[in-house]
Structure formats: structure tokens, C-alpha cells
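Please keep the sequence and the model open beside the text while going through the points.

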Amino acid sequence: MSNLDLRADATPVPAFVSAAARFDVIEKPDLAYTPAIARETAHLYEKVKDFIPAIEWPAYAPYVHAINRLKKERNAVILAHNYQTPDIFHCVADIVGDSLQLARDATKVDAEIIVQCGVHFMAETSKLLNPEKTVLIPDAKAGCSLSESITGADVRLLKQRYPGVPVVTYVNTSAEVKAETDICCTSSNVLAVVESLESDTVLCIPDEYLAMNVARQTNKKILTWKGHCEVHERFTAAELLAYKEANPGIEIIGHPECHPDVIAVCDFAGSTSGMINYVKDKQPQKVLLVTECSMASNIQAEVEGVNFVKPCNLCPHMKRITLPKILDSLLTMTEEVLVDPAIAGRARLAVERMVNLKQ
């Protein structure tokens, strides 16, 4: 049987071969908690002991051990977003960070396989930047309210309505949307991206609040789209003021995906990486992070003497990624992330412009 498809024009095109077929499926290992596994994972438990009770660690450790062993066997690397739970973030991830950092680091990995512990648009971005590598996501249903708020067709209509206006698109979007974009941005570099454009007017989509917040920092006219992050849009200024009243001296650090009224009552606003650096550099005695719950836990594991007050809005999409799903992904080589070649080139260009932007 030939492994080539012959199209009508008689041009041979290699048939798609799934990752499971290319790499073979590995049988699930024994997940018993043994004294050997206890010893080999003890140093990792030290990192998460404040978040995982000792009585529960025997349920986590066999997965952590198996995943770390399989990474070497598969020549795989795990990229984990800051919103992943501490067991993933501190115990199996090789590279951690916000969307921009993961996008940049994805281009530097030598591994043959990338396992994206985040949401689907992040895995697509890794695939765009590493078309020759196999990219897996442990749960293909891990989506994003921002990504789902806009389509490529929507962007094409916006470009018709505002001809000649450059389009800055948040990385929290599908490859189809990125393909219609001049340049991508993240919450950490959106201002630099906007300021890099010569136009006096910029379409900044799809996060309305991110666009409104950057509009306060630039003289350019910012056109918006009504997309919102379901985690950050739930925070209110009244809620944060109540926390301030109940916790004298607390420092509130907000994410620019929050409403401008929320950002106005924060002591500092910045991207996830900016928030992390603020806590590590300033070491506030008491702090509240206006973002996804797990990020506070992940920072707390790395700093001492900082009391975290957690209002805690969970991202249901990020929480679809679990240790059992990561293990299954490495065993079965699923779910493989693919990008339509018809849009991949244009989408990749928008992401590369962002990654290569000098700041």
C-alpha cells in the first residue's frame, strides 16, 4: 500500500499519518505508590506541600514520576501556563510563563514533541512557531472565552469597515483569526505593539477591556471588540474596595483583562509575568492578585513572607488539563494539534512579528 495520495493533478502528496502512528502507543504504566517513587519525587513534593496535603501526595506522585520518565523517552517538553495547578506547574513542566514567554520559548526547544499545558490557542501558537514538531494538548476541549468571541470572518468584516487600519490581535485567538491580523500581542507587550505601528488608529481585538486599558496609555485611537475573559470580567471595583477595607495595607495587583474601573483601584496592573515580577521584587506583606486562582498558588510556592489573599476566580478551561490527561497524552500521542496549511503561513507571520518586536 502506497503512503502517497494522488490528487487530480497527479501531484503526489504525503498522506497524513497521526502522531500515534508515527510514535506508537505506549502501554499505561503501573501507578502504584512505591517507596522508590516516594524517594524520587520527594524533592518535588517540597515545592507543593503547602497546596497538596501529604495524605494526597501518593495519588499525585505516580503520575508525576511516570510523566517525567515518559518525557525523556518521548523526547518531549512540557510548556505550562501560569494558570496551571501547582502539581503541573512545579512538578512536570519544563517551561512555564505567560502567553508571550511560552510563545518565545516554544521556538527554542530542541524536543521533538511539545505538550502544551494551557488552552487550545496556545497549542496552536506553538504549532505555528514549530510546524515541524508534534504539538499535543492533553484536552482539546480546553478553550477560551476570548478566542471564541471572534472569528476570521469577523475580522475580515472589520477590515472592510475600517480599511487601512492595522489590526492588533491578542494571542488569545484562533489561528484563523491570527491569519487576518497584522501583528499579535499579549497583555505584556500590547502597548509596545500598538506604539510600533505608524497609524494613528488601531484595531485592538478581541479583548475590549485590554483595549480600553491600553487606550489610556497611548495617544492613538483604539477601536475595540466586545470580547471578554470570563475569569477577569467577573472582578468588580466594589469587590476590591471591600478587600482593601477588610485588609489594611494590602496591595492589589490587577490584570489588564479586567474592566478599567477595576484597574483604577489597583496598586499595580500588569501582565501575568508583570504581576509575578512585582511580587518577587517588591515582596509586599499582603497581596491580592486579581487574576486566576492557581497563579497566586504558583507564586506563593516561590516566595516567603508574602500573605496572599485569594478572591479566586477559576478558569474552567485551564482546569481541564490534569496529570492523568498529560500522562495519557504522552502514552497515546493525543490530542495532536494541527493548523490548516492554508492559514498557517499568514498566522505564523503575525505571531513572529510580535515575537521579534524589539522592546
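The points below take up a sheet, the cavities, and then a helix and a strand.

1. This is a predicted model, in which local features need pLDDT of at least 70 and side-chain atom pairs count only at pLDDT 80 or more, while totals for chains, interfaces and linings use all residues. Residues are numbered from 1 along each chain as its sequence is written, and side-chain values use heavy atoms, with hydrogens and water left out.

2. An open sheet is formed by 4 strands in the order β12-β11-β13-β14, with parallel pairing. At its edges stand β12 (268–269) and β14 (307–309), each of which has a single partner strand, so one side of each is left without a neighbour in the sheet. Helices (H or I, at least four residues) and strands (E, at least two) are DSSP runs, numbered from the N terminus, and two strands pair if DSSP finds at least two bridges between them.

3. Strand β13 (residues 286–290) pairs with β14 in the parallel sense over 3 bridges, and Val-287 stands opposite Phe-308 in β14. Helix α11 (residues 237–246) packs on this sheet, where it touches β11 (251–254), β13 and β14, and its direction makes about 170 degrees with that of β13. Contact means heavy atoms within 4.5 Å; the axes are lines fitted to C-alpha atoms, for helices over the stretch in contact, and angles run from 0 to 180 degrees between N-to-C directions.

4. A volume is the space filled by probe spheres set on the points.

5. The elements that give two or more residues to the lining of the largest cavity are α5 (99–106) and α6 (120–129). By class, this lining has 12 nonpolar, 11 polar and 3 charged residues, where Ala, Val, Leu, Ile, Met, Phe, Trp, Tyr, Cys and Pro count as nonpolar, Asp, Glu, Lys and Arg as charged, and the others, Gly among them, as polar.

6. The second largest cavity has about 70 Å³ of space, and its lining divides into 5 nonpolar, 4 polar and no charged residues. Among the residues that line this cavity are Ser-99, Gln-116, Phe-121 and Val-171, and α6 gives the most to the lining, with 4 residues.

7. Is helix α6 mostly covered or mostly uncovered? It is mostly covered, since 9 of its 10 residues are buried, where buried means under 20% relative accessible area (1.4 Å probe, protein chains only). The buried residues of α6 pack against β3 (76–81), α5, β5 (113–117), β6 (134–136), α8 (175–178) and α16 (341–355).

8. Strand β3 is mostly covered as well, with 6 of its 6 residues buried. Ala-76, Ile-78 and Ala-80 point one way from β3, and Val-77, Leu-79 and His-81 point the other way. Strand β3 runs parallel to β5, joined by 5 bridges, and parallel to strand β4 (residues 95–97), joined by 3 bridges. Leu-79 has Gln-116 as its bridge partner in β5 and stands opposite Ile-95 in β4.

Terms used. 1 Å grid on protein atoms, 1.4 Å probe; cavity = no way out; pocket = protein on both sides within 12 Å on 5 of 7 lines; lining within 4 Å. Buried < 20%, exposed > 50% of the residue type's maximum accessible area, 1.4 Å probe, protein only.
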